[in-house]
Amino acid sequence: MAIQRATLTISEDDATIRQSLEDAFLPALLPALAQATGDFTLLRADLKPAGVSPGVAQGGMTAEQQEAAKLIAFEALRNLRDGRVQTAPRPIEEDVRRISAWMTGSAASDDYIPLLIEELAPGGEDLRAPKWRKDPAIPFTVAIIGAGMSGILAAIRLKQAAVPFVIVEKNADVGGTWFENTYPGARVDVSNAFYSYSFAQKTDWPKHFSTQEVLLNYFRDCAEEYGLREHIRFGTEVCSATFDKRSGNWSLRLRTPAGAEETLAVQAVISAVGQLNQPKLPDIAGMNSFAGPSFHSARWDHSVDLRGKRVAVIGTGASAAQFIPVIAEEAAQLTIFQRTPNWFAPVPHYHDEVPAGLSWLFLHVPHYMHWYRFWLFWNTTDGLLHAAKVDESWEHRDRSVSAANDELRELFSAYIRGQFEDRPDLLEKVLPKYPPASKRIILDNGIWARTLKRANVELLIDGIREITPRGVVTCDGVEHPADVIVYGTGFQASKFLTPMTISGRGGIDLNRQWDGDARAYMGITVPNFPNFFMLYGPNTNIVVNGSIIYFSECEVRYVLGCLRMLLESGRNAIDCRREVHDAYNERIDRANRERVWGVATVNSWYRNQKGRVAQNWPFNLIDYWRQTLEPNPADYEFI
Ligand code: NAP
């Protein structure tokens with residue numbers, strides 16, 4: 001299916017327009033109409049949203065303001081329909097400045113304007129597309145490992161730059177994490193207008209936060225639309241990649257669907273394998289003795305019918321918080337083994353469908369989707385980052401790391417208390433003690449409390465001693481019988497690129513060089529591994545701000561910049577300079593030590609075996625964008 005983009009034609013009658021406006025998100029609609037009609041008087045000072053604040057309906061506009069905004073919007077839509085507006089092209093910078101000032105209360109500063117324009121992709125333009133094309137006379141092919149979100153993106157960009165490429169994908173289809181994680185209830189926790197490529201905005205997301213199948217189909221559609229399938233070798237695994245300094249080539253050892261081994265020679269490699277693709281099973285005594293079926297959330301065994309069964313779930317992270325409510329409805333008895341409770345953020349519309357009127361407006365109003373995306377972007381850009389910063393003088397470090405972090409704690413605590421006020425026994429188990437944002441915050445629309453209060457659900461926090469053929473034994477010695485065990489125990493996030501063997505200059509093994517502590521320059525390049533680029537590599541994960549797609553778009557632009565720099569140099573390869581890489585990582589480490597996830601002692605997948613935060617990006621989104629705009633030749637050795 002094609003990606004449905006805005007059509008910009010309105011033929012519906014007044015009644016339909018009026019009806020649609022009942023579902024409109026007004027703080028983004030008036031800006032879209034102002035831009036479409038060129039009439040900026042639509043952005044009346046008295047209708048300004050109260051502020052960009054997550055979870056506040058209609059940006060805090062009062063009922064009167066909303067009614068007035070609808071009337072204005074209705075007139076503007078009619079004028080558009082009836083061809084009564086003639087718009088002259090205007091500088092987009094000016095529009096962005098005026099509109100962002102109206103929407104957010106303060107005009108975006110000059111350094112943000114180019115970033116916002118890219119994100120907004122006005123008129124559907126793809127402003128991050130490479131503006132160069134490879135000279136066809138230069139033989140140069142890139143291997144992309146993985147056809148998930150970032151691999152597809154890399155392929156789109158390489159194609160635009162006329163750089164030949166092949167994608168090697170171990171699965172039978174594209175989609176990566178959205179192909180593999182088919183557990184019940186799997187969905188994205190970043191609103192879709194933002195969790196989607198800036199240049200492939202779709203107007204018909206059925207839900208604000210799409211379910212797994214919808215996202216998988218989106219990535220399939222992107223692969224189709226950009227003609228990528230013919231470049232993908234499905235069912236093929238990359239076992240190893242070895243750099244040959246003499247030729248400057250990488251040699252990839254592949255295992256084909258038939259199980260045969262094959263070699264692929266390329267000039268550069270882009271690893272797009274993600275951080276969360278190797279399931280992590282716990283090391284619990286007796287695990288293998290369990291008599292019934294057991295499986296990990298990312299390898300969901302759909303052949304196991306949970307209806308009427310006694311199901312044990314180990315883990316309560318982001319994955320488990322999504323599948324537990326669904327399987328609780330099927331299982332006869334669900335026993336949840338929680339080690340660390342989550343902080344929950346209230347998002348009442350988390351599971352809601354996009355109302356029909358809003359969908360109609362997305363489809364028909366020029367720029368509406370873009371300004372809606374802008375609103376989400378601004379909301380989450382650096383949204384909670386300030387609340388994750390450590391204040392060294394803060395005295396209440398057992399509960400929070402700063403006044404802002406404490407405020408967040410109060411907000412989430414009040415929400416959780418409200419959800420469990422009738423069940424003090426459960427409240428005691430679910431209220432976290434660690435500072436918020438040390439771990440991933442889970443979105444909730446009330447379903448967690450509803451699930452835990454069910455008669456067939458039990459939440460245990462005693463710790464697991466062992467697993468027997470019959471069930472799970474907690475540290476108090478009680479055996480909890482189970483027919484099925486589901487492990488929602490996360491991923492081997494610190495083991496970047498495993499199980500592949502990557503050998504660089506002088507045959508050095510990447511995992512040996514890392515020695516359990518993966519790091520990279522920009523999260524992308526590693527000294528001794530020329531022409532080897534990682535997407536979603538070390539320190540490019542975000543905890544409280546942004547969308548991982550935003551990062552991938554920045555990373556891919558940087559990688560394309562590196563390839564251009566290399567091709568124009570006439571040399572074989574570029575290798576990141578050690579001192580540049582080390583200085584960069586010192587800066588990252590210093591900043592991560594000043595973030596709540598860097599100082600909290602709670603378990604999290606953000607720290608590796610050496611205790612270093614190897615996953616997270618500690619700064620603002622714009623900082624990553626700025627540093628990845630183009631590579632600095634001085635950062636690389638040309639070989
Ligand atoms: P996770 O966050 O690492 O959660 C793993 C869970 O298993 C935790 O509750 C952990 O407890 C528990 N656990 C691990 N080993 C255990 C053991 N030996 N005994 C008892 N409990 C154990 O993994 P995840 O839930 O799969 O999520 C990983 C990441 O994937 C998320 O942080 C997020 O970035 C991403 N994700 C996103 C979405 C989404 O909504 N878009 C959905 C799913 C996943 P502790 O907390 O004590 O370690």
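Helices and strands are here DSSP runs, numbered from the N terminus, with at least four residues (H or I) for a helix and at least two (E) for a strand. In these terms, N539 lies in the loop between β19 and α16, the latter spanning residues 548-569. The structure is a predicted model. The phi angle of N539 is near 60 degrees, a positive value in a residue other than glycine. Because its relative accessibility is 1%, N539 counts as buried.

The peptide bond leading from T498 to P499 is cis, and its omega is near 5 degrees.

At the level of the whole chain, the protein is divided into domain 1 (14-108 + 355-382), domain 2 (142-278 + 493-632) and domain 3 (287-343 + 437-487). The centres of domain 1 and domain 3, taken over C-alpha atoms, are separated by 44 Å.

The packing of helix α2 may be followed next. Helix α2 (residues 26-37) packs against helix α4 (residues 92-104) at an angle of about 155 degrees, and their axes are 10 Å apart. Because angles over 145 degrees count as roughly antiparallel, α2 is roughly antiparallel to α4. The crossing of α2 past α4 is right-handed. On the α2 side, P27, A28, L30, P31 and Q35 make the contact, while α4 contributes I92, D95, I99, W102 and M103. Classified by type, these residues comprise eight nonpolar, one polar and one charged.

Helix α2 also meets helix α3 (residues 63-81), where the axes come within 10 Å and cross at roughly 30 degrees. The two helices, α2 and α3, are therefore roughly parallel to each other, and their crossing is left-handed. L26, L29, L30, L33, A36 and T37 of α2 are in contact with Q66, A69, K70, I72, A73, A76, L77 and L80 of α3. This contact has eleven nonpolar, two polar and one charged residues.

Finally, D406 belongs to helix α12 (residues 403-419). With a relative accessible area of 14%, D406 is buried. Leaving aside residues up to four places away in sequence, D406 touches W394, R399 and S400.

Note on methods: Residues are numbered from 1 along each chain as its sequence is written. This is a predicted model: local features need pLDDT of at least 70, side-chain atom pairs count only at pLDDT 80 or more; totals for chains, interfaces and linings use all residues. Side-chain values use heavy atoms; hydrogens and water are left out. Axes are lines fitted to C-alpha atoms, for helices over the stretch in contact, and angles run from 0 to 180 degrees between N-to-C directions. Angles under 35 degrees count as roughly parallel, over 145 as roughly antiparallel, 65 to 115 as roughly perpendicular and the rest as oblique. A crossing is left-handed if the near helix is turned anticlockwise from the far one by less than a right angle, and right-handed if clockwise. Contact means heavy atoms within 4.5 Å. Ala, Val, Leu, Ile, Met, Phe, Trp, Tyr, Cys and Pro count as nonpolar, Asp, Glu, Lys and Arg as charged, and the others, Gly among them, as polar. Domain bounds come from an automatic or database domain assignment. Buried means under 20% relative accessible area, exposed over 50%, partly exposed in between (1.4 Å probe, protein chains only).
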